[in-house]
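Please look over the structure below. The report then takes up parts of chains A and B.

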Amino acid sequence: MMLAPVTYNLALTTILRKRVLPVDGEVIPKLNQRVAATDVIAEASYSHSHHLIDVARILGIKPNVAEKLVSLHVGEEVSAGTVVATGFGLFSKPIKVEHSGRVVATGGGQVLLDISQKDFQLKAGISGEIIEIIPKRGVVIQEVGGLIQGVWGNGKIARGRLHVLAQKPNEILAASQLDISLRSLVLLAGSCQDTDSLKAAADITARGLILSSIHPMLLDFARKMPYPIIVTDIIGQQAMNASAYKILSTNNQRENVSLNAGAYNRYTGARPEIVIPLPHADIPPVPRDVDLFAPGQAVRLCRAPHAGAKGTLVNLPSGLKTLPNGLRVMAAEVKLDNGERITVPLVNLEVLG
Amino acid sequence: MASVIESDSVLALDIGSATTRAMLFDVVEGRYRFVAIGQASSSAHAPFNDVAHGVEGAIQKLQEITGRIFLDSDRRLIASVQADGTGIESVSATISAGATLKVVVAGLLADVSLESAENLAESTYAQIVEKISLNDPRKAEEQIDSILKANPDLIIIAGGTDNGASQSLQKIIEIIGLTTYLMPSEKRPVIIFAGNKEMRNEVRELLEPLSSGLYTTSNIRPSVEREDLAHARKELARAVVSIRKKQIPGVDEIDMWSGGHMLPSAFAEGRIIKLLSKLYGAGKAVLSVNLGASATTLNAGFSARLFSKNYPQFGMGASLTELLKYTTAEDIARWLTIDISPQRISNYIYTKALYPNSIPATKDDLQIEQALGREALRIALHEAQEKLPTDVPVLNKDLLPLFEIILAGGSIISNAPTLGQSLLILLDALQPVGISTLILDQNNLLPALGAAAELNSILPVQALETGAFLNLATVIAPICSARYGTNILKASLRRADGSVTVVELKQGGLEVLPLKIGEVADLNLQPFHRANIGHGAGRKVSMKVGGSAIGIVLDGRGRPLVLTSDDIRRRELNKKWLWTLGG
C-alpha cells in the first residue's frame, strides 16, 4: 500500500472549494447565488494597524492616576481630534486622538486604537454556485468545468477570456508576441524565460498568464506583476504536460476562465488552479482527494530523465529496485505515452486525477 | 547474569516530513538490540492530512519484515502483548513533520536574554519571525502590529536576572499581552516564559488566558554571563508537540500510544548526544548531524553539556530554495565530478522543493543532490560554529572543534549507494580535525533512541553497543601549513596477526588503511613539519584502533579544505578522492 499524490488535469469535473476567512467576519453572498472568481465573498476586521496613546507617559503621572482620566471606552468609534484625557492644572492641554479608529483596549493609563482603514476581503477564487454558507467564516463553491492544477502561483486572482498564444506545448514566450490585441485576456503562453515578457503582459493589461515553466530568477519579479501567473509544470524550462495543454488549447476563447494563483502549500493542499466553466447536462462526479498507487493509473513523472512525461502505471513490483545511480528504492513500471517502458521510483510519480 | 531489563520490546515511531519510520527494539540474549525498521511515506501533508496513514504504512512494513503483529484488523495498535504474541508493551514517538514554526522572541537586551531566547528557538523546528527587546527603537504599537502580522505559533519571553529588577520586563510582557489580546482566540500562540523567576506568577496571571498554552520554565539567562537552556528545552519540546497536536490530525492519537511522551525528533536526538557525551566523559566531545527533509540538525555534546541547533532553512525538502540565500549554484557545483551548469543546479533545487519527497533517478541528479547535502551541512556547521561555547576543545577557532565521535544521519548520507560516497560527503562538509570516529546512523535511529530513553533508560545504551549503527571510518585529519605534496604524517598499523602496513600522507592527499569491522590494531602516527593531529604540533600518537567499514582514513587535504578554481583539475580530484574511499 502506498499513498499517491494526485494532480488534477480534468476536462470536465465538479469542483468544490471551501473559502474561509482567517477570523470571524461577514459572509456576503447568499446560498445558491452564483459568484465570479474575483467577487468578494467575505470580509473581516483583521487589523494589523494600531495606535497606542500612553496618557500616563504624556502627562508624566502614574498609570493608575492616568486611568481615571481616560474618557474613552472599548468599542467606541473615535475620529481624529477626539479628546482622550485632560491633565490637571490651569494650562494642561487635552490629549487628542491623531487618527480615526476604534478603541480596542484601555487600561493602565493607555488607550489602544485600531486605525486600519479597510477590512480584510476574501475573494471567491473560482466562479460557481454557493452550495454552503459557513456562518461568519465563508462558503463552499461548486463549479462544473475543466480543472488544471499548477505547481507555482504568484498569489493573484483574476478571470477572463482564454486565448491560446502558445501553439505548441514547448513554446517559449517572447515579449514581441504580446501586442495590444491581447489586452484583457488570459493567455496560455508557454515557458517564460525573461522579464521583458512579464513586463509586456503587464503593459497590455493581460488578465493572466498560464505558463508551462518559468526561469527561477524571474520568481520575485513575477510575484510583483499585477495579474495572476500560474506555472503548470516546473520552475526551470520544460514543455507543458500534454494533458494540461490539451484541455487548455481546446478551450480557446472560452469566457470566464478563472486563475487562482495562490501559492502551493503542501500542508493545506492549496494549489494554484485554472478553472474553465463549461456547459453541462449532468453534474459529473467530484474527483477523489486521495488515492493508492495501482496498475492502470495515468501517472506523470516529476523528475529527470523523464520529467513531465505521462504514462500508465503497469506494475508495482515487490521489494526494492536498484536504479542506474545505485539507489535502492520502491519502484513502479510505467509505460510512457510514447510506448517506452521504464522503471521509476514510486516517490517520483504523481497520479493524474 | 540477571537481567536488568525494565520491559521487553519497544516500538519506536518517528514521523518525519518525508518518511515515517517504525522501529522495533527487542531483548536478544539479555540485551536490547535494534531488530528491524519499516518505512512509509509521511502523510502529515495534504491530501492525506493525517499522520496515521504514514504510521500505519510503516508499521505494516515492519510487520511484514518481522512477522510480528502490532495492529489489529481495524488497524488499531494492540497495546499490550497478547497470549498469541501479538501486540507491543511500549511505544515511543518522535516528530519532525509539520510546517516550520513561526516564533517571536522577546527579551530585555539584544545580546543577552534575547540572544538566549534565539538560541532556545533555534534548537527546534522554528523560524524567528519577529524580535522584541528594549533595544528596539520602534514604538509599542509598531511592535504590536509586527507581531500581529507575523502571526506566530509560539512566543518565547526571556529576560531579567533571577530576583533582579522586573519593571523593564513588565513592559515587554504587557506588549505581548496586548498583542495576544488582539488576536482571535483560536489564533493565539503558545507562550514560553523563561525569564526572571520572580515574574512567573504575574506572567501566568496575565498571559495564560491570552495564549493557547503557557509554559513557564527556569530562567535561560540567570545571569549576564551564564546561559542555561537545559530545562527550557524540555518545556519547548512539550510546547512544540502541543502545537503539532493542534496543527496535524493524528498526532494526538500517536502521542497517546506513547503515553503522552512524544518528543520533537531534534530534541530526542539531542538527549542521546548529551547522554553519550556524559558516558564518554570529559575530553571526548560528540557531534551528531542529521541532514533531514525538514531541517539540518546539529547536536554537540561537551562533557554532558548540550549545544543544539536546528536549521529549517537548510532542510533538503520543501525549503531547499532557501539554501540559495546562503550560497550559489556555482559554489554547489564545486563538489561535482562532472560538468553541470549552475542553471541546471538551480532548476534541480526548485524541482526538488516542489516535489520534496522525490529522489534523484539519474547519476547526474544524484551528484547534484549529494553536492546540495554537502553545501547545506557545511553552511549549517559554519553558522553553528559562530555560536559555540568558547571553552570547547579546538585546534583553530575557525575550524570544527575536536570531536572524538561524529554520528551522521539523513537519507542523503545514509542512503548513498556506496559507503565511500557517504564518507566523502561528511569529510567535505564537516571537515573534521584531529582523530574522529565517524558513525553512520543508517536507519535514523538517534531520535528514536532519545525518545525510548524516556521509557527505558537501558535501551539506548545497549542498542548503541550492539551494532545498531555502522562504524564508518576512523578519520585522522592533521592541520599543517607545509607545502602541497610534502610528507606530513606517517601512519603505521600493526594488526593482531602481526602484519604491518605503513602509509605516508602528503599535504593535499587522502589515504586509506583498511581495517575490517571486528579487528583491533595498534596505530602509530608520526607527524612531520609540525602537523597537529589534536595532541600538539608534531606530537606522536600511539593508540589502539577498532576496525570499521572503510578503515582508517588519513585526510591531508587541508583545513579548511580549499578546492582549486581550475574546474577540470577540481573535478578530477573529487573523482580521485571518491575512488580512494572505494567509489
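The centres of domain 1 of chain A and domain 3 of chain A, taken over C-alpha atoms, are 27 Å apart. Domain bounds here come from an automatic or database domain assignment. The model is predicted: local features need pLDDT of at least 70, side-chain atom pairs count only at pLDDT 80 or more, and totals for chains, interfaces and linings use all residues. Residues are numbered from 1 along each chain as its sequence is written, while chains are lettered from A and ligands numbered from 1 in the order in which they are written.

**Domains of chain A**

| Domain of chain A | Residues |
|---|---|
| domain 1 | 6-14 + 144-277 |
| domain 2 | 50-114 |
| domain 3 | 291-352 |

How many residues of domain 1 of chain A are in contact with domain 3 of chain A? Ten are, and they meet eight residues of domain 3 of chain A. Contact means that the C-beta atoms of two residues, placed from the backbone, lie within 7 Å. On the domain 1 side that touches domain 3, β2 (6-7), β21 (229-235) and α5 (242-249) of chain A each supply at least two residues. The residues of that side divide into four nonpolar, five polar and one charged. Ala, Val, Leu, Ile, Met, Phe, Trp, Tyr, Cys and Pro count as nonpolar; Asp, Glu, Lys and Arg count as charged; the others, Gly among them, count as polar.

**Chain A as a whole**

Chain A holds five helices and 31 strands. These are DSSP runs, numbered from the N terminus: helices are H or I with at least four residues, strands are E with at least two. The radius of gyration of chain A is 27 Å, well over the 20 Å that the globule rule gives for 353 residues, so chain A is more spread out than a compact globule. That radius is taken over C-alpha atoms, and the rule is 2.2 Å times the number of residues to the power 0.38. Along the principal axes, the C-alpha atoms of chain A fill a box of roughly 95 × 55 × 45 Å.

**A covered strand in chain B**

Strand β11 (residues 286-291) of chain B is mostly covered, with six of its six residues buried. A residue is buried if 20 or more other C-beta atoms, placed from the backbone, lie within 10 Å of its own. On one face of β11(B) lie B:V286, B:S288 and B:N290, and on the other B:L287, B:V289 and B:L291.

Strands pair if DSSP finds at least two bridges between them. β11(B) runs antiparallel to β12 (residues 296-302) of chain B, with six bridges. Four residues lie between them in a hairpin. B:N290 stands opposite B:T297 in β12(B).

Note on methods:
A residue is buried if 20 or more other C-beta atoms lie within 10 Å of its own, exposed if 12 or fewer, and partly exposed in between; C-beta atoms are placed from the backbone.
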